[in-house]
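Me: I would like to go through this structure step by step, with each reply ending on the value or name I ask for.

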Amino acid sequence: MKPITSPHISAELRRRVNAAKNVLVLTGAGVSAESGVPTFRGGGNSARWKGLPFDVISSGAMLERNLPAVWEWFDYRRDVLRALEPNAAHHAIASWQERFAGLTLVTQNVDGLHQRAGSRNVVELHGSAWRARCTVCRFVHEITRDGARPEACDDCGDTLRPDVVLFGEMLPPGAIEFALERAARCELCFVIGTSGLVYPAASLPEVAKSAGAFVCEVNPERTPLSNLCDEVITGKAGDVLSVL
Ligand code: BV8
Ligand code: ZN
């Protein structure tokens, strides 16, 4: 039986958590791992789809070349997500809304699990797999968990695309600017379940750090962001955040 070692939380972090008002949380695929959502770079290589590395199938270039293939990839991911539930990490972060007056949750995930756990005003830097956007008039359609994906724009009848930011594409207008402004004003920044490789999302902890915030990473592995963090808690988000 593996000894249950409760993750080490320093006295300094406890003090910071008790004193903090403005807190920024940046999450990545790792926060959904315990819900059963495959991460992108776990297991040493990135997820693949029909032989294509995920940053090829999830790219603006692929969308230009072959929109139906990109839809097939996102339809598949929504099918996987339909059966999954938020995990303890999502619920812990949702409970932080009552705990910190100025909490900002910024996620790179497109799975919608933070919202299903009760988090409000989630900044979805990379959009959502549960939305489709018109390629002409930009009208956004919700895709329900039990409904089919709309085939064409309700407004103008033209072609829809996933409302997701693909590699090489700009982020939703205002999203990163808002997140950067909040990062520059937070006293405490949590970086949870991200490999810290994708920009501009990975610049948020750097901005928080340079603005004097205490930065804490929660991840079973070290990442390129670990060295800038004041505290690195090695462990699974579900285990660590429940203790926090
Ligand atoms: C942009 C949506 C300006 C799609 C995603 C060359 C050409 C074009 C662009 C670039 C280029 N070179 C660099 C760039 C910029 C590029 C980039 O940063 N590339 C990197 C990879 C080098 N960025 C962009 O293109 C962005 N746009 O820059 O616009 C521009 C415009 C035009 C031209 C140039 C620039 C857009 C980036 C958004 C791309 N879309 N997702 C989809 O989901 O399919 S990114 C994708 O990666 C996901 O959103 C994902 O969230 C994100 C980051 O990955 P992570 O979330 O960190 O997940 P990962 O699997 O990597 O890591 C999981 C972590 O969890 C691990 O550390 C693991 O240890 C940990 N973990 C595992 N289990 C647990 C756990 N942690 C806690 N608990 C557990 N149980
Ligand atoms: Zn339209």
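Me: Which helix gives the largest share of the lining of the largest cavity?
Reply: In this predicted model, the residues lining the largest cavity include Leu113, His114 and Gln115, along with Thr107 and Glu124. With three residues, the largest share of that lining comes from helix 6 (residues 113–116).

Me: How do the residues of that lining divide by class?
Reply: Among the residues that line the largest cavity are Asn109, Asp111, Gly112 and Val122. Sorted by class, the lining has two charged and two nonpolar residues, and its polar residues number five.

Me: What volume does the largest cavity have?
Reply: Rolling a probe the size of a water molecule over the atoms shows where empty space is left. With a threshold of 30 Å³ or more, the count comes to one cavity. The volume of the largest cavity is about 30 Å³.

Me: How many charged residues does the shell around ligand 1 have?
Reply: Of the residues that surround ligand 1, Arg41 and Arg77 are among the closest. By class, the shell has 17 nonpolar and 12 polar residues, while the charged ones number six.

Me: What part of the accessible area of ligand 1 does the protein cover?
Reply: Backbone N or O atoms take part in the contacts with ligand 1, that of alanine 29 lying 2.8 Å from an oxygen atom of the ligand and that of glycine 30 lying 3.4 Å from a nitrogen atom. From a side chain, an N or O atom of asparagine 219 is 2.7 Å from an oxygen atom of ligand 1. Of the 1500 Å² of accessible area that ligand 1 has on its own, the protein covers 75%.

Me: Is the peptide bond from tyrosine 199 to proline 200 cis or trans?
Reply: Proline 200 belongs to the loop between strand 9 (188–192) and helix 8 (203–210). The bond that joins tyrosine 199 to proline 200 has omega near 5 degrees, and the peptide bond is cis.

Me: What phi does lysine 50 have?
Reply: Lysine 50 sits in the loop between strand 2 (48–49) and strand 3 (52–53). Although lysine 50 is not a glycine, its phi is positive, at about 55 degrees.

Key. Residues are numbered from 1 along each chain as its sequence is written. Chains are lettered from A and ligands numbered from 1 in the order in which they are written. This is a predicted model: local features need pLDDT of at least 70, side-chain atom pairs count only at pLDDT 80 or more; totals for chains, interfaces and linings use all residues. Side-chain values use heavy atoms; hydrogens and water are left out. A residue is near a molecule or strand if one of its heavy atoms lies within 4 Å of it. A polar contact is a pair of N or O atoms within 3.5 Å; within protein, one must be able to donate a hydrogen and the other to accept it, and residues adjacent in sequence count only if both atoms are side-chain atoms. Accessible areas come from the Shrake-Rupley method with a 1.4 Å probe; for residues, only the protein chains shown count as cover. Ala, Val, Leu, Ile, Met, Phe, Trp, Tyr, Cys and Pro count as nonpolar, Asp, Glu, Lys and Arg as charged, and the others, Gly among them, as polar. On a 1 Å grid over the protein atoms alone, a cavity is a set of points where a 1.4 Å probe fits but cannot get out, and a pocket is an open set with protein on both sides within 12 Å along at least five of seven lines; lining residues have an atom within 4 Å of a point. Grid points are joined across faces, edges and corners, and a volume is the space filled by probe spheres set on the points. Helices (H or I, at least four residues) and strands (E, at least two) are DSSP runs, numbered from the N terminus.
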